[in-house]
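Please consider the structure shown here with attention to its aromatic side chains and their surroundings.

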Amino acid sequence: MRGLAIALCAFSIVASAQEDPLAWFPLQLGSRWVYEHEWKSGDRTRPDVDRWTTEETITGWVTIPQGLVVLREVKQQGNATEQTVKNRVIPRNSQLREVQQQSITHPGYLVARDREPYLVNGNCIYVIADGWDGQGQQLRPSYREYLANGAVSPDFCFPLQMGRKWGNNDMPWRVESAREGVGSFVPTEYAEAIHIFSSHFGSGGWEDVWFQKGVGVVGEHYIHNGTYDEYTKKLVSSSR
């Protein structure tokens, strides 16, 4: 019986580690990622192209009733447009679904999200899209309501196992093999990274994310299936 108890305890510890977001995503203070970005828009045959580089650094942790908020700072280089940087996501007096459909139709939404804090809640991680009150060090009331009602989708739920699904109608996610021809820009050292896909990223968009355990996001590709917008993001370097 004692041997069984020890075995069950060891199994529980392993299972817990498999589900621990911070065992997958190194969000410790000082962790740093450098990414290259490209945004194509306009005419599909002769698109306008915008390229820039960002450096993302974890700057703080805040414990709140809903979990752990991970603060990050993003420094940008290059020629990203003002529209790309300033696009907002959830105004305080708006409904989440409506805002997502309006804002997500071009990659400015993705770039804006990259500047928001993370929320570690259970075994999932959310990007707090315009839902963090930095002065009050708390979630805004509207975001707390969305979170409680399941109206916001986690970005990651661990462990990332093939076939796993999460999210909602606005942003459903699943872990699956990448489609042929997608992800050729992902650095070769991360060729075996886990592929996560959303076939309905807000309104008419497909979003592919490549995630490496112990590193984080190593690649991202978004394409809007109406008005042409295509966005890629790839990891250049990381440290912790």
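K233 lies over the face of Y35, at 4.3 Å from the ring centre, where a charge counts as over a ring if NZ of Lys or CZ of Arg is within 6 Å of the ring centre and within 35 degrees of the ring normal. R72 is placed over the face of Y118 in turn, at 4.0 Å from the ring centre. The model is predicted, so local features need pLDDT of at least 70 and side-chain atom pairs pLDDT 80 or more, while totals for chains, interfaces and linings use all residues. Residues are numbered from 1 along each chain as its sequence is written, and side-chain values use heavy atoms, without hydrogens and water.

Across the whole structure, 13 aromatic pairs are found, a pair being rings of Phe, Tyr and Trp (its six-membered ring) with centres within 6.5 Å, called stacked if the planes are under 30 degrees apart, edge-to-face if over 60 and tilted for the rest. F25 and F156 make an edge-to-face pair, 6.0 Å centre to centre with 90° between the planes. Because F25 lies in the loop between α2 (21-24) and β1 (32-42) and F156 in strand β8 (residues 156-157), this pair ties together parts that are 131 residues apart in sequence; helices (H or I, at least four residues) and strands (E, at least two) are DSSP runs, numbered from the N terminus.

F158 and F211 form a tilted pair, at 5.8 Å centre to centre and 55° between the planes. F158 is buried at 0% relative accessibility, and F211 is likewise buried at 0%, buried meaning under 20% relative accessible area (1.4 Å probe, protein chains only). Ring pairs link W24, F25, W33, Y118, F156, F158 and F211 into a cluster.

Technical notes. Buried means under 20% relative accessible area, exposed over 50%, partly exposed in between (1.4 Å probe, protein chains only).
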